Amino acid sequence: MKKHGSDSSPGPVMPALPEPLKDLKIKYTKIFINNEWHDSVSGKKFAVFNPATEEKICEVEEGDKADVDKAVKAARKAFELGSTWRTMDASERGRLLNKLADLVERDRLILATMETIDGGKLFSTAYLMDLGACIKTLRYCAGWADKIHGRTVPMDGNFFTFTRHEPIGVCGQIIPWNFPLVMFIWKIAAALCCGNTVVVKPAEQTPLSALYMGSLIKEAGFPPGVVNIVPGFGPTAGAAISHHMDIDKVAFTGSTEVGKLIKEAAGKSNLKRVTLELGGKSPNIIFADADLDAAVEFAHIGLFYHQGQCCIAGSRIFVEEPIYDEFVRRSIERAKKYTLGDPLLPGVQQGPQIDKEQFKKILDLIESGKKEGAKLECGGGPWGDKGYFIQPTVFSNVTDDMRIAKEEIFGPVQQIMKFKTIDEVIKRANNTTYGLAAAVFTKDIDKALTFAAALQAGTVWVNCYSAMSAQCPFGGFKMSGNGREM
Amino acid sequence: PIPLPLLSLQIFINNEWHESTSGKKFPTYNPSTLEKICDIEEGDKPDVDNAVEAAKAAFQRGSPWRQMDAPSRGRLLHKLADLLERDRVILATLETMDTGKPFLQAYFIDLEGCIKTLRYYAGWADKIQGRTIPVDENFVCFTRHEPMGVCGAITPWNFPLLMLVWKMAPALCCGNTLVIKPAEQTPLTSLYIGSLIKEVGFPPGVVNIVPGYGPTAGAAISTHDSIDKIAFTGSTKVGKLIKEAASKSNLKRVTLELGGKNPCIVCADADLDLAVECAHQGVFFNQGQCCTAASRVFVEEQIYPEFVKRSVEFAKKRLVGDPFDARTEQGPQIDQKQFDKILELIESGKKEGAKLECGGLAIEDRGLFIKPTVFSEVTDNMRIAKEEIFGPVQPIMKFKSIEEVIRRANSTEYGLTAAVFTKNLDRALTLASALQSGTVWINCYNALYAQAPFGGFKMSGNGRELGEYALAEYTEVKTVTIKLSQKSP
């Protein structure tokens, strides 16, 4: 979500970075249905932790099937023909989304602080990037609301035919923990713009910003039942959504493993429509004629952003032989300059991984890299005595058969490999079941456009990485997903 | 309404206020009281030249406006809508003083349309997409939808602010710059918007406003060699001159919204009350001064007498008076010229044998007020059935069959709007297809919304305003084709 290096357009000036709120009070910890706050039907709650300190922040009502059922009932009622939401002018839906954007802008500091404490995200990133993207996405979708056109069609015979682009209905949306608020907004903005109603399950690691949004949704004036939020766990609340017989569509962002379960459940239940944003092992291809400084910097940020916890992480860097050694040298220098620590504090460049499970998985993959013969250039282990911190790690001399070259690590571990020819690197880059993003660094127009066509990826970046905007569609080829967002 | 700060009376260029190069001024009048409101700087060719210079500079590659991200253009349009909302009473008051339209209509209809149109186009700004195209052989091909450049806009006196926003919003949304000449009868709200443009933060030179007369400032725009496109709303007669001037000068692109002699077809199975009321408002709204005026009402024979009777009742009830009075439905005509023309056409109606059912003359011996007038037994060859009256005069004619009324409705060089009143699905859709009009209303009238395109067939205009379609009038398509060393799938 980072527009790194976009210095050519003097667009809106970034807001000045304030200090994070001290003593943030968590006001919203219940289940949000019909614009009201509910306890869980079971009475159960679950704990939410700060990954930098491993301390509990608070407890949140734990939703399960019974709560999902309640939410779906509310969403279905709000979607009935003749309801306030169904009879609302399309332009008015747009007004509500713009109003919501205004409220997010108003409460930007609260949400950014919350996102940092809950998700281990750097505060500066949360405030400037995550919140910026949320506001822009809401405004972008607000503009589409009254521009969803069908067509009139010249049919054979004495007929008058036209198409209507109708809302799907009740949409289940399952949100990940790496960009909790941004992924929440990506889903609800598009769904609401088109006139649907939603039942959202935020990740159990990071439910707080989604629940806060419930209060803003009510304040903005969305009718009751249009947005419902049920915090809980995947195998319980999440599965209840993917199996539900009265949910018309499910949208999921998360791992490919769980994505497959969701699509299976959709098939087994009521054939609900499915969109998936899954994992990636995105290739970043650097040619000898590239601007080397820019390439090193983009490759670095492209991997290490948000502790490597991005579906688009450029986790296989292919460098053309002649510049390989220099590229590795500069990348190591760049990775060594890091300060790890509490993401709320200024001057910290890397925060913790989200939880113990991820932490262990990443360390396990790092060990495999060492064992399988990659050259550990820096980092390679945990950091600090509290919190899930891992040192920024660089491996060179990586070969395609190593686990670190094949599996999604989702941590601060950068793999650098060598290539000789264009045809070779195209084959190797495409040799994966993933296909989310890819990048190529070159000044040659022919190479750039050849790669744009040849790479099997939903987004191809040329001479940049992670350049995203609400205006651009985003999604995966192959097993990186189904469908497009934005 | 409230007492006013009369702020803007000068020429607006580069976000600054200027006196006219010639030093001349011209007066603007309140058509209700016939009193002068104030004097306005009178722009002419040198002022238009200055404005075009500013607009060109603001459009240069690398300028703040050209460099601005598309979503930011949209934000500026939204902010402009916010300021119109803030100053809604002021603008509605100015509009009423300048045009004579009832204040409540200016407030609830004109200003509402302005705000919604700005917000609609604010949403389009970052969604103006070109395409990638699979051409033959080894090429990558895509289109860019680029702004046209400096756009001239010449706006009319019947809906001064609304017609300006209809042009300004899509033009700015697409990244163009503007040189605007508001009608000499009604410059006040257009000039006020200059101050809002500056307050919102549009870069200098993006919007420029040059008040003045048609043959001078207007002609300077239509013949200007550095203006890339011109948009005009007004009479068909002047529209033709503009298109001619555009061709003779630099082939600037032209969109025109011109006159109409719009058929309103009432079938025997219609909801009669609805039809009577819609036909009434359709012709009398805004003192009859609408390009969409329902100025040929065709009523199916069986219901003709009843329709005429009810229409006359409506017309007699119509309250004419001070536009600032909340009860007033109809104000004065815009000026003496229009007033005289309308009365002349009314006289022709009487002379040519139409039956005068009510009204038919001016209200006082001083002032520009005309009584709501209804003619029945009108035949197609009468002047009141052929010429655009632009006044509170409703000609009602009879028809027998659908085929006949289609033929008669289409027998005009105009083709702006049409309306059909019927409950029958087949008839409604048949008429919708057969009528040569840019808009066909079914069981309603003047249903105009920012989302739906509006414009004329035949000599009622060229091109479309509003909706997604307007974007095509304010962008220029560029095709980029890149050779590759080998074919890419």
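**Note on the annotated site in chain B and a sheet in chain A**

1. B:C291 has a relative accessible area of 15% and counts as buried (buried is under 20%, exposed over 50%, partly exposed in between, with a 1.4 Å probe and protein chains only). This is a predicted model: local features need pLDDT of at least 70, side-chain atom pairs count only at pLDDT 80 or more, and totals for chains, interfaces and linings use all residues. Residues are numbered from 1 along each chain as its sequence is written, chains are lettered from A and ligands numbered from 1 in the order written, and side-chain values use heavy atoms, without hydrogens and water.

2. Where does B:C291 lie? Its place is the loop between α10 (272–284) and β13 (296–300) of chain B. Helices (H or I, at least four residues) and strands (E, at least two) are DSSP runs, numbered from the N terminus. Beyond four places in sequence, B:C291 touches residues including B:N158, B:E388 and B:F390 (contact means heavy atoms within 4.5 Å).

3. An unreviewed UniProt entry places the feature "active site" at B:E257 and B:C291. UniProt positions follow the numbering used here, feature names are shortened, and annotations may be inferred rather than shown by experiment.

4. B:E257 belongs to strand β11 (residues 253–257) of chain B. B:E257 is buried, at 5% relative accessible area. Its contacts beyond four places in sequence include B:F232, B:R464 and B:E465. B:L416 and B:F454 are among the contacts of B:E257 and also among those of B:C291.

5. Now chain A. An open sheet of 7 strands runs β14-β17-β18-β13-β12-β19-β20, with mixed pairing (two strands pair if DSSP finds at least two bridges between them). β14 (375–378) and β20 (459–462) of chain A stand at the edges with a single partner strand each, so one side of each has no neighbour in the sheet. Neighbouring strands are turned by 20 degrees against each other on average, direction ignored.

6. β14(A) and β17 (residues 393–396) of chain A pair in the antiparallel sense over 3 bridges. A:K375 has A:S396 in β17(A) as its bridge partner.

7. How confident is the model in chain A? Mean pLDDT is 95, and 97% of residues reach 70 or more (pLDDT is the predictor's confidence in each residue, from 0 to 100). Over residues 1–11 of chain A, pLDDT stays under 50.

Conventions:
Axes fitted to C-alpha atoms, helices over the stretch in contact; angles between N-to-C directions.
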